[in-house]
Amino acid sequence: MGSNGNTSSITINLNGNDVDVPAGINLVEAAAIHGTEVPHYCYHPQLSVAGNCRMCLVEMGNPMRDRGTGEPILDENGVQKIGWIPKPVIGCGTNVTPGMHIKTESSMVTDSREGIMEFLLVNHPLDCPICDQAGECRLQEFATDYGRGYSRYVERKNVKPKRTRLGPRVTLDDERCILCSRCIRFCQEVVDDDVLGFVDRGSFSTLTCFPGKELSNNYSLNTVDLCPVGALTSTDFRFKMRVWFLKESPGICTESSAGSNILVSSREGVIHRITPRRNDSVNDSWMADSGRELYKSVTNEKRLLTSSVESQKCDLSSAINSAVTFLQDKKLGIVGSCHSSLEEQYLLTKLAKTTKAKKFLRGHFGDDDGILVSADRTPNLRGTLVTGFSTKYPTDDLTEISEAIDKKSISTLLVVGEDLFNSGLTPDQLKGVSIIYIGTHENATSSRANVVLPSLTSFEKSGSFINRSFRLQKFKQAVPGPAGLLPDLHIIASFLNALDQEKEQTSDIVSIWKQLSKSSTNPLHKIKYTDIPQDGIQLDSTRWSDLDFVEKKAMHFSPRKLNKVTQN
Amino acid sequence: MAKTVVLPREPLSLSERTYLPQIVTGLKTTFSNMFKEKVTLQYPEEKPIIPKNYRGVPTLVKDPNGREKCVSCQLCEFVCPPKAIRITPGAVSEDDNSRAHVEKAPKEFEINMLRCIYCGYCQEVCPEEAIFLQEEYSSSGYSREEMINKKDKLYELGGTLPDSHYKWDKKKSAEDDGNDH
Amino acid sequence: MLDFELLFLVGLKVLFALLMIGAVMTMAGYSVLAERKVSAWMQGRVGPNRTVLPFVEYIPFLGPYLKKMGIFQPLADGLKFLFKEEIIPGHVNKFYYNLAPIVALVPALTTMVVLPFGEFFTSDGESIPLMLADLEVGILFILAISSLGVYGIVLAGWSSNSKYPFLGSIRSSAQMISYELAMGLSLLPVFLWVSEPGTGAMGLSLVDIVHSQGNAPWLLLVQPLSALIFLIALFAETNRLPFDMPESETDLVGGFHTEYGGFKFGIFFVAEYAHIVVGSAIFTIIFLGGWHFLPWVADPWPSTWVGTLIGIGWFLAKTIFLIFFFIWIRWTLPRFRYDQVMNLGWTKLLPLALLNLIFYVLLVTWIDQPAS
Ligand code: SF4
Ligand code: SF4
Ligand code: FES
């Protein structure tokens, strides 16, 4: 779908104007391209068409032809007559054909919409003040825009269960459901976990799980986003915050190398929820439930909030100073991270060059679910390849370091985010080694480290990641970090400035990108940070095509494609 | 340009020019004022009469059944121009039978009276008619914390007001005798 | 060798002086209260009605009444001034800053030395005036000393080293000089008149002036224009509204005493009211017949100590009425503009006083010409 010119374009007549639209799309999309809204509930661009809500009714007609001869029938002015269909048709289920005429603003359409709204509202509770959907509710919006504005219904409304548990993360408010079946189709089509269905008839119709099953797959919360009303609610977010208080900033999910596009919603510096952001080349409109939990790490009690030297709390600048003395060790090793942003990895590579340090990297791997959680559980492994921090594919441990230590070629380690002790190193081995730790959360390494420099999570800084299909995507700071903390970029830049007084290293992303995109052999050549579009840039990955990437075929990703040039 | 018209002034008479008669008139006025009724209100002992539509301290009210009406929709928090209101929403437990179909109620509700400007927007916006600016006008405290009215204080100040809608009662009866599934 | 009689006399004078100071200061204090009460009444308010001494409140009828009238308010005010922190701003000239309030108060208290406020009858019916010092040139003394009061204001304004006090004091000195002339000129005809042969009075003694009005028309009736000019000048000299240029809260914050606080401010305050009290007394003496009953009417009281007391009381009553008049005017008339004050002083009052003087000179000469 989409109108990128690859598909042929046809002309239709929308409300009396001839407009060009791509062939093969339906009327809702066609009207949307030209700025006309056709209200709809059950239609979702990334799900099959069900056509059950009837909100999208429009008037349609085709140029008339004689049945026998196929000759166009003309009116007295010599213009071909339009054969208007006497009843409205659903826009979602009707595809455009050349010469088709549609009316989205006629009185018949208005009447239809009013009628549909009235029926939908007959049994809809007056819940808006307590409904989590209020503010982003299609029913509210369309009732205002296309509804009658008053109710003629004097009978008693239906009463249905308000707190049905559909699964561990989803609660259903039955009264509010408008039976659009989006959630059912999502489970069938996207997750292939057929658990939801309607039972009973008429006004008794109810959404429910099949007997003995529950909505527990790792994508269940997408049904909450899909639901045009407040029927499906997130048990986690339920009654927590009204959506109109939330500030949304675009981010990238760090759960795995899939790099789902997300919206981080926060109020006054506190993140309240994470929802998927539509990107048709990466995650459509979905994301995994597990990724939505990640914001909780921001306020985790294990969060590192103060810098320390030899377990003594101190201010950040003196901690950086003592880290710099450690870094002057000739036998330095740097442990990078696939969780760091591209810019951080670049500066780290530069630091390794300045200090002539050895570089180490660990991958984190898990199971691939074939959708949006990939086997590589880091957001930016590809970044280490592109920035040159690493040339080979990392393993899930750091045993390389043990060898280096055993050979006595390492006596100081700068560790970014990784935990040495669960990566195959023993406390005994590390006894004589000084450790500088940069990271967001406490772990065994940070408690052993000589210098601890707390840094910021991906919600508290801006930067970019490269996902499994070598797509470069940027994320924006959503909330301010804890008081007194600086982003990793700043810390590493101050190392560089202290170690090499001659060249000034900035910690500003835009300027770092100027250095990053200089080399013409690099796929980042000529890219400007500010020019990276919201849905990312596809990079050339031929250089790494013989590496053994662990990801399996999944949504918008096929391992084989990496071998081909896929420049955008 | 507007035309300037100079109006001729009546020349003052001699007695007017001495100003003395005018001064005497003035003295008479002030003197007679001394014996008029005084308008001073001896405040702590005498209280002013509060007009009906007075906007005093914002308070939370309960319905005649003693239920808290506020459902923590946070509209008042949203509308409040000086951001005086702070609500932490909470869920009502499922077994609380008195609160048929009200699933949400404020866990905490704070109005900072040092911020409130008594505009009454909160009362106007409230969809549940739960917040009212009533007659209370004197609020004072020794610290900033004391000037933040907490939920219990707000209910204590608010009391119960008559309710013409009984919205939740209607839903409860609908649930109890009919249309239930 | 000690002269006991002299010592006794001196002691007596000191005692009298102290009594007099006490009386004038009390009156000044209570005129502050009167000011507040009267202004409140004129504006439909009730004025100070909260202060009360412990237990006094429980005296039936009287207690609540005293409280309502704010009788104890001056006490509280005075104590407040006394116990307030004495703040001396850093930018002032300390010596003159401290000196100014004293310079302002002393002349006000000094002028009362020559004020006669009653008469005492010896056993042989001779009348002895009640006063601290019977100067032959009483009125000159008063004019001379009272104009020293301006130095307090000028000093205060100058030493405060700040713009509002400075402006206030400049205005005040200009105003004082302008109105002193008219004041002096307005008094000349009065003394010309009373020294006229046949009236028995001679010179500039205040006592003689009072005596001349016993059983005779008050000088207010004989010389209304002089009285009017004197009264206006008196307002100006005491810096009372409508002539309170030096203070004018509305445009000069507080005028010459802007930088003052605590007891020093209190002294300025009391000095202003002491000026009013003394001014009222002088006007009573010169134009309202002093302690004598009514124009053309002989004192109806006996020439004994009873008569003395009634006389003093009558004198006080007139003075208090004048104080009330001062307050009354203040809450009736708005303040003049500075240029209007100057204009009134130089182009209206001064010529008027001169004409008045010339008229009476001619008149007295005509009356006095020996019958030919
Ligand atoms: S009265 Fe106005 S300022 Fe006060 S709490 Fe209500 S909305 Fe806020
Ligand atoms: S008082 Fe009214 S507006 Fe405010 S949260 Fe409660 S229900 Fe909503
Ligand atoms: S959107 Fe077309 S029928 Fe629902």
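Predicted model: local features only at pLDDT ≥ 70, side-chain atom pairs only at ≥ 80, totals over all residues.
Trainee: What area do chain B and chain A bury between them?

Mentor: The size of an interface is often given as the accessible area lost when the parts come together. Here the contact takes 28 residues from chain B and 26 residues from chain A. Carbon and sulfur atoms account for 53% of the buried area, and the area that chain B and chain A bury between them is about 2400 Å².

Trainee: How many salt bridges does the rule find across the interface of chain B and chain A?

Mentor: One salt bridge joins the side chains of Glu103(B) and Arg176(A), with an N to O distance of 3.9 Å, which lies within the 4 Å cut-off. Across the interface of chain B and chain A there are also six residue pairs in polar contact, both residues being at pLDDT 80 or more. For salt bridges across the interface of chain B and chain A, the rule finds five.

Trainee: Which element gives the most to the side of chain B that touches chain A?

Mentor: At least two residues of that side of chain B come from each of α3 (75-79), β2 (85-91) and α6 (167-176) of chain B. With five residues, the element that gives the most to the side of chain B that touches chain A is α6(B).

Trainee: Turning to the other interface, which residues in chain B lose the most area to chain C?

Mentor: The contact between these chains takes 13 residues from chain B and 16 residues from chain C, and the area buried between chain B and chain C is about 1300 Å², with 69% of it given by carbon and sulfur atoms. Three residues in chain B together make up 40% of what that side buries, and those that lose the most area to chain C are Leu27(B), Met34(B) and Lys38(B).

Trainee: Which side chains meet in a salt bridge at 3.0 Å, N to O?

Mentor: Across the interface of chain B and chain C the rule finds seven residue pairs in polar contact, both at pLDDT 80 or more, while the count of salt bridges between chain B and chain C is one. The side chains that meet in a salt bridge at 3.0 Å, N to O, are those of Glu45(B) and Arg50(C).

Trainee: Is Leu9(C) buried, partly exposed or exposed?

Mentor: Leu9(C) lies in helix α1 (residues 4-42) of chain C, and together with Phe8(C), Leu12(C), Leu15(C), Phe16(C) and Leu19(C) it makes a nonpolar surface patch of about 590 Å². Because its relative accessibility is 47%, Leu9(C) counts as partly exposed.

Trainee: Within chain A, is Thr378(A) buried or exposed?

Mentor: Thr378(A) is found in the loop between β18 (358-360) and α9 (381-386) of chain A, and its side chain is joined to that of Asp376(A) by a polar contact of 2.8 Å. Leaving aside neighbours within four places in sequence, Thr378(A) is in contact with residues including Glu255(A), Cys338(A) and His364(A). Because its relative accessibility is 0%, Thr378(A) counts as buried.

Trainee: What percentage of the residues of chain A count as buried?

Mentor: Chain A has 13 helices and 24 strands, and its C-alpha trace spans about 95 × 55 × 40 Å along its principal axes. Of the 568 residues of chain A, the share that count as buried is 55%.

Definitions and conventions. Residues numbered from 1 in each chain as written. Chains lettered and ligands numbered in written order. Heavy atoms only, no water. Patch = residues over 30% accessible without salt bridge, like charges linked within 9 Å, V, L, I, M, F, W, Y side chains within 5 Å. Areas by Shrake-Rupley, 256 points an atom, 1.4 Å probe, with all protein chains shown as cover. Helix = DSSP H or I, 4+ residues; strand = E, 2+ residues; numbered from the N terminus. Buried < 20%, exposed > 50% of the residue type's maximum accessible area, 1.4 Å probe, protein only. Contact = heavy atoms within 4.5 Å. Buried area = accessible area lost by both parts, 1.4 Å probe. Polar contact = N/O pair within 3.5 Å; in protein donor to acceptor, adjacent residues only side chain to side chain.
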